[in-house]
There are 2 protein chains.
Amino acid sequence: MNSPASTCLAINGERLLQRIAQLAQIGAIDGGGVCRLALTDEDKAGRDQVVSWMRDLGMSVEIDQIGNIIGTRAGRLDVAPVMTGSHIDTVRTGGRYDGNLGVLAGLEVVASLNDADVQLDRPLQVVAFTNEEGARFAPDMMGSLVFQGGLSLQEALDTVGIDGSTVRENLERIGYAGSVPCGQPDVHAYMELHIEQGPVLEHESIDIGAVTGVQGICWLEFEVQGVSNHAGTTPMHLRHDAGVVAQQIGSFVRQLTERYGPPQLGTVGRCELFPNLVNVIPSKAVFTVDLRNVDKASLDQAEQEVLDFARQAAEREGVQIKHRHLARFDPVQFDERLISKVEQHAKDLGCSVKRMPSGAGHDAQMLARSCPTGMIFVPSVRGLSHNPAEFTHDKDLIAGCSILLSTLVELARE
Amino acid sequence: MNSPASTCLAINGERLLQRIAQLAQIGAIDGGGVCRLALTDEDKAGRDQVVSWMRDLGMSVEIDQIGNIIGTRAGRLDVAPVMTGSHIDTVRTGGRYDGNLGVLAGLEVVASLNDADVQLDRPLQVVAFTNEEGARFAPDMMGSLVFQGGLSLQEALDTVGIDGSTVRENLERIGYAGSVPCGQPDVHAYMELHIEQGPVLEHESIDIGAVTGVQGICWLEFEVQGVSNHAGTTPMHLRHDAGVVAQQIGSFVRQLTERYGPPQLGTVGRCELFPNLVNVIPSKAVFTVDLRNVDKASLDQAEQEVLDFARQAAEREGVQIKHRHLARFDPVQFDERLISKVEQHAKDLGCSVKRMPSGAGHDAQMLARSCPTGMIFVPSVRGLSHNPAEFTHDKDLIAGCSILLSTLVELARE
């Protein structure tokens with residue numbers, strides 16, 4: 001039974017690329033991008049297409065209570081399935097690969113198995129999770145979070161989106177309010193293929209990333225309240241300049257990342273000064289600090305250092321400072337056995353491979369709470385994502401899908 | 001002839017305060033402030049009031065070609081006049097003291113001289129200069145600049161304001177396109193009374209500032225161009241973060257002011273990041289640096305240090321940086337003899353006094369190019385100005401006006 005898989009079983013790259021191109025037509029925007037916000041009419045059209053492809057492949061299709069689409073290819077045995085997938089919702093100015101690749105690669109794996117007439121011991125499930133992006137409804141990764149039991153179904157359904165309507169209303173409206181219960185997943189293993197969304201693989205000329213986990217995130221928003229005054233008539237020692245405190249904290253964040261070294265990341269992405277005039281000392285500054293690390297202890301320490309420095313800088317300047325968390329996720333570690341499998345299958349295929357954490361969040365990190373989980377990254381040209389210019393070379397898409405196939409087959413035979 | 005001045009000659013504080021209150025009714029806005037943008041209908045109404053008061057005081061009134069109102073109290077001799085004054089235009093949300101005090105104190109000096117029937121050797125002129133604020137037409141201090149010959153009349157008249165109309169059109173419209181030529185001032189000495197517009201006098205509990213000059217100004221606008229990328233997937237060493245360069249330069253400016261010590265000032269008043277999102281590395285930052293110093297060499301050096309640091313910081317980060325000057329004025333030194341007179345007359349009145357530079361620009365700095373010039377500062381509560389809450393205590397207004405009287409009388413007898 002093992003020989004057909006290793007000799008004849010191979011994906012059809014052309015078919016994978018065609019499905020990617022076809023799905024990208026739904027909600028297409030200028031520049032080759034896609035706008036398919038979660039639970040909109042465009043999302044419904046995309047879902048209908050995926051369901052139709054699943055049925056064509058002979059899969060049984062179920063919709064769960066949060067709208068996740070679960071296609072199942074039956075196994076020889078009635079045991080916990082091997083699962084793969086991702087999401088097909090996008091941000092407003094999204095690309096065609098983010099999420100979609102993981103779902104369509106799953107379908108290509110099923111199609112290849114059908115072509116080769118390979119029957120596996122375990123069922124193989126391909127899932128399109130609801131609202132991974134969080135661009136219309138917060139939080140992001142909602143479908144996988146509810147699927148795994150990390151968020152109550154009621155809370156998720158009651159979520160009000162940016163346009164004032166709820167997840168429940170929209171699921172019902174587009175006909176994806178399913179009945180399969182959420183929160184008790186029995187999954188043997190979960191694998192997700194995704195574009196890197198960062199520049200590391202391309203920069204280092206590596207074909208495949210064996211993803212070791214998802215880094216933890218700490219998003220802080222600071223508000224500094226100082227006193228507005230004339231920039232020409234107020235001596236330095238009488239100032240309470242909210243802006244300079246923001247700048248000092250921004251510089252400190254950069255110094256901290258240099259001191260910690262990789263994989264510590266730190267970014268001040270947003271900063272606003274008030275009244276924002278050349279000759280007026282800023283009375284108020286609002287800015288964000290985005291800290292990330294794969295190591296929880298380091299992330300915690302970085303956060304504490306930033307908070308300590310911020311308090312001291314504010315005290316020195318005689319201004320008020322307060323902060324709130326916009327987000328806080330601990331790092332997620334993927335399964336060592338699955339990471340090794342990805343490495344091995346990449347090498348078998350002649351691909352260069354490196355272990356790397358994921359900088360962005362993925363549905364896989366929710367699954368990792370319940371079952372052995374792994375991810376495969378393929379390079380993103382110029383590291384672009386959430387951008388119509390998002391691009392991954394065909395050969396990389398095909399290589400990633402091939403490694404997904406080998407890994408899933410191996411897992412489904414356990 | 002000297003005895004009446006030193007014994008009976010005194011200002012009428014009540015009358016001064018009443019004129020201030022009366023002029024503040026014209027263009028009054030909520031919170032006790034004034035909106036009398038240059039050459040608007042409100043400015044015309046204010047000018048008419050001032051001219052009417054001048055005539056009531058027996059002064060001859062002339063309007064020059066840039067619209068400056070020059071009231072003259074004749075002297076015994078046909079020699080160069082002693083001049084005082086300021087401006088009555090305001091910013092959009094101005095206070096009632098800025099500028100107005102200098103003009104109305106001049107009128108009060110004339111009224112006091114009339115009351116005491118004191119005749120002086122030199123003519124005494126009270127001037128209300130056109131468009132000191134620059135809030136409607138750039139540059140600021142336009143009337144005194146043209147009066148002194150630092151800007152050609154034609155260029156000034158052709159200036160287009162924020163509403164698209166020219167200085168010429170508006171001068172004609174409000175009837176203040178005068179015929180007295182500009183640019184050849186023959187003035188024996190110029191004295192201006194003004195509110196400090198800063199917190200120093202109040203903070204140090206000093207009654208009077210003997211102004212030593214006006215600090216030089218260097219306004220730089222920087223634009224940093226980096227590369228926008230995902231804050232979670234882009235390693236620190238692959239970033240080209242425009243925002244962090246802005247923050248580093250802002251922190252450097254503060255360090256520089258600490259290293260130089262007073263009177264060096266440095267302010268980042270304006271800063272904008274693009275696209276200004278928590279999880280996106282800023283692709284662009286636009287921000288201003290406001291440097292001021294009374295010492296030209298120090299100011300030049302500070303500017304050079306900021307430009308050098310900015311270039312290095314940009315190079316380190318691999319971003320493009322460019323800058324332009326929004327303004328650049330050398331420091332102005334006032335006349336030592338006049339500074340001493342202000343000190344002496346303040347002490348004679350029992351006032352505490354300190355020598356200090358002006359942080360803001362004033363008409364006096366233009367006059368200083370042509371004749372011995374001095375200024376008297378009175379305290380601004382909480383340092384507020386260009387604000388309806390701008391306030392100076394009555395006793396300080398009256399003390400300032402009394403010192404102006406003594407100084408002008410002394411100068412007019414030279």
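Author: Happy to! To talk about an angle between helices we need axes: each axis is a line fitted to C-alpha atoms, over the stretch in contact, and the angle between N-to-C directions runs from 0 to 180 degrees. Keep in mind that this is a predicted model.

Let's start in chain B. Helix α4 (residues 100-115) and helix α13 (residues 394-412) of chain B pack with their axes 9 Å apart, at an angle of about 60°. Angles from 65 to 115 degrees would count as roughly perpendicular and those under 35 as roughly parallel, so α4(B) and α13(B) are oblique to each other. Their crossing is right-handed. On the α4(B) side, the contact is made by B:L101, B:A105, B:G106, B:E108, B:V109 and B:L113, and α13(B) brings B:L397, B:C401, B:L404, B:L405, B:L408 and B:V409.

Now for a pair that joins two chains. Helix α9 (residues 242-260) of chain A and helix α9 (residues 242-260) of chain B have axes that come within 8 Å and cross at roughly 120°. These helices, α9(A) and α9(B), are therefore oblique to each other. Here the crossing is left-handed. Chain A contributes A:V244, A:Q247, A:Q248, A:G250, A:S251 and A:R254 to the contact, while chain B contributes B:V244, B:Q247, B:Q248, B:G250, B:S251 and B:R254. In the contact of α9(A) with α9(B) there are 2 nonpolar, 8 polar and 2 charged residues.

Strands are worth a look too. In a regular strand the side chains alternate between the two faces of the sheet. Over 4 bridges, β3(A) pairs with strand β4 (residues 69-73) of chain A in the antiparallel sense. Opposite A:E62 you will find A:I70 of β4(A). The hairpin of these two strands has 5 residues between them, and A:G67 takes a positive phi near 90° there.

One last stop is A:S86, in strand β5 (residues 82-87) of chain A. A:S86 is buried, with a relative accessible area of 0%. Its neighbours by contact include A:G99, A:G102, A:F129, A:H194 and A:D363. A:S86 and A:G102 are 16 residues apart along the chain, yet their C-alpha atoms are separated by 5.0 Å.

Conventions:
Residues numbered from 1 in each chain as written. Chains lettered and ligands numbered in written order. Predicted model: local features only at pLDDT ≥ 70, side-chain atom pairs only at ≥ 80, totals over all residues. Heavy atoms only, no water. Parallel < 35°, antiparallel > 145°, perpendicular 65-115°, else oblique. Left-handed = near helix turned anticlockwise from the far one by under 90°. Contact = heavy atoms within 4.5 Å. Nonpolar A, V, L, I, M, F, W, Y, C, P; charged D, E, K, R; others polar. Pairing = 2+ DSSP bridges. Buried < 20%, exposed > 50% of the residue type's maximum accessible area, 1.4 Å probe, protein only. Lists of a residue's contacts leave out its neighbours within four places in sequence.
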